[in-house]
2 protein chains.
Amino acid sequence: MDAPEPETSSDEVARPPVRTPGRYRKGIAKREAILDAALPVFGQVGFHGASLREIARQCGVSHQSLMHYFPTKDELLMAVLRRRDERLRRHFDDAGGMRVDELVELAEYNVDVPVVISLFITASAEAVSTEHPAHEYYRDYYERIIRSTTAYLSVAADRGWLRPGYTAEGAARVVLAVQDGLQLQWLYERDSVKVADLMRLVIGSVLSVPTADLDEAVREEARRGR
Amino acid sequence: MDAPEPETSSDEVARPPVRTPGRYRKGIAKREAILDAALPVFGQVGFHGASLREIARQCGVSHQSLMHYFPTKDELLMAVLRRRDERLRRHFDDAGGMRVDELVELAEYNVDVPVVISLFITASAEAVSTEHPAHEYYRDYYERIIRSTTAYLSVAADRGWLRPGYTAEGAARVVLAVQDGLQLQWLYERDSVKVADLMRLVIGSVLSVPTADLDEAVREEARRGR
DNA sequence: GTCTATAGTTAGATAGAC
DNA sequence: GTCTATCTAACTATAGAC
């Protein structure tokens, strides 16, 4: 067991051999504050445009203190991204795949948090470059979200519930594309773009049955062992 | 009237009033070479991530020579963007608005020029920030492409050729969103994403008639003075 | 706080194209 | 001879990292 740092009364505390920042109450709170401050900065100016000093300034933390919690800029970005997409990722492994309504609900939720949309659009576009620290992250993200949504829509495909021409994967890609594209438009014109409404319309153009029916079918398939 | 600055015959020679780079043969060619080199760099690392020295290196031009042609980084980016979207912009003012097939054809064309897609996706996402040099550019771009496509689809709306639920603007936004979103997916997985095919499917889900029929109707409306 | 690297930008002088 | 193209040099600010 590792000895808990004594926090002795001396001002020169011995540096522990392994750095494990964010273990004490104060550290945990500060870590969260840094992530909160980093989110909008990355979202507004992108990874390259963001500066650690600026992020530190935003949350009243010294530059050096920030680097204690996140040794490198790459790690800070990854921590910000991961904290924000858990809502979606936890559905990736749902039995029967991810409901398309989940994507709509996420879009509805995001409208209240514009910085999150901004972060995700900006980061996913920047990360197209293989050099980008989040490249692998987004490659994996898109692969899994498509695979999961495709699995869900496959049940519809098997029952002939997809409109002519669509495959399960094609439909999944369209729904995801509409979400991304509309969110981008929304960032430019927040009053005129109704992301969730249009997504529901598109889903209605892809499925010939209500999503509730498909949900029911998917649950049944999962119940039968699948 | 303010006295025209004498600029007497002192040894302080008058600075030529305007600098106009790119007037000689050699200069024109070099200007083009710089733009060609800047396109992929901006597309891969974004505006903030790109360095003028790197762009200059890519096309065998000195850093200072580059700055002779493009006095600031902002101007270079704008020149790159403008040169690449003329294909689309020249349809903005088409009588009757822009055909949706034009968007599909552009997507088909873009597949051969991945750097252009990368540039546009990255720049449009980065430029969401009002500080970004291309912010006004993209704001105007989206407004005009939506307005133009909406005008085209209004003819369909008037004749009841839109699927239930869609307005002309809603349909226009969906088609554009699908284009943007699929192109982003395509950048991550170039073999699996058929951008143009899926776009045509979506257009078929939005319109209840073939686009050829709508084209004909739009031409007729334009002929009748509109 | 310091270090090192690199960013964008500017100035001035020379050589070359028109 | 005039304007353009190019190069050498330097400046100022800021980056991430130690």
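How do the residues of the surface near DNA strand C divide into nonpolar, polar and charged? Five are nonpolar, five polar and five charged. Here Ala, Val, Leu, Ile, Met, Phe, Trp, Tyr, Cys and Pro count as nonpolar, Asp, Glu, Lys and Arg as charged, and the others, Gly among them, as polar.

The model is predicted: local features need pLDDT of at least 70, side-chain atom pairs count only at pLDDT 80 or more, and totals for chains, interfaces and linings use all residues. Residues are numbered from 1 along each chain as its sequence is written, with chains lettered from A and ligands numbered from 1 in the order in which they are written.

DNA strand C is surrounded by 15 residues (C-beta atom, placed from the backbone, within 6 Å of the strand). B:Arg25, B:Ser51, B:Leu52, B:Thr72 and B:Lys73 are the closest. In chain B, α1, α2 (52-58) and α3 (63-69) each supply at least two residues of this surface. Helices are DSSP runs of H or I, at least four residues, numbered from the N terminus.

DNA strand D has 23 residues around it. The closest include A:Ser51 and B:His68. Both chains take part: α2 (52-58) and α3 (63-69) of chain A, and α1 and α3 of chain B, each supply at least two residues. This surface has six nonpolar, ten polar and seven charged residues.

Now the contact between chains. It takes 40 residues from chain B and 40 residues from chain A (C-beta atoms, placed from the backbone, within 7 Å). On the side of chain B that touches chain A, α9(B) gives the largest share, 13 residues. That side divides into 20 nonpolar, 14 polar and six charged residues.

Notes
Two residues are in contact if their C-beta atoms, placed from the backbone, lie within 7 Å.
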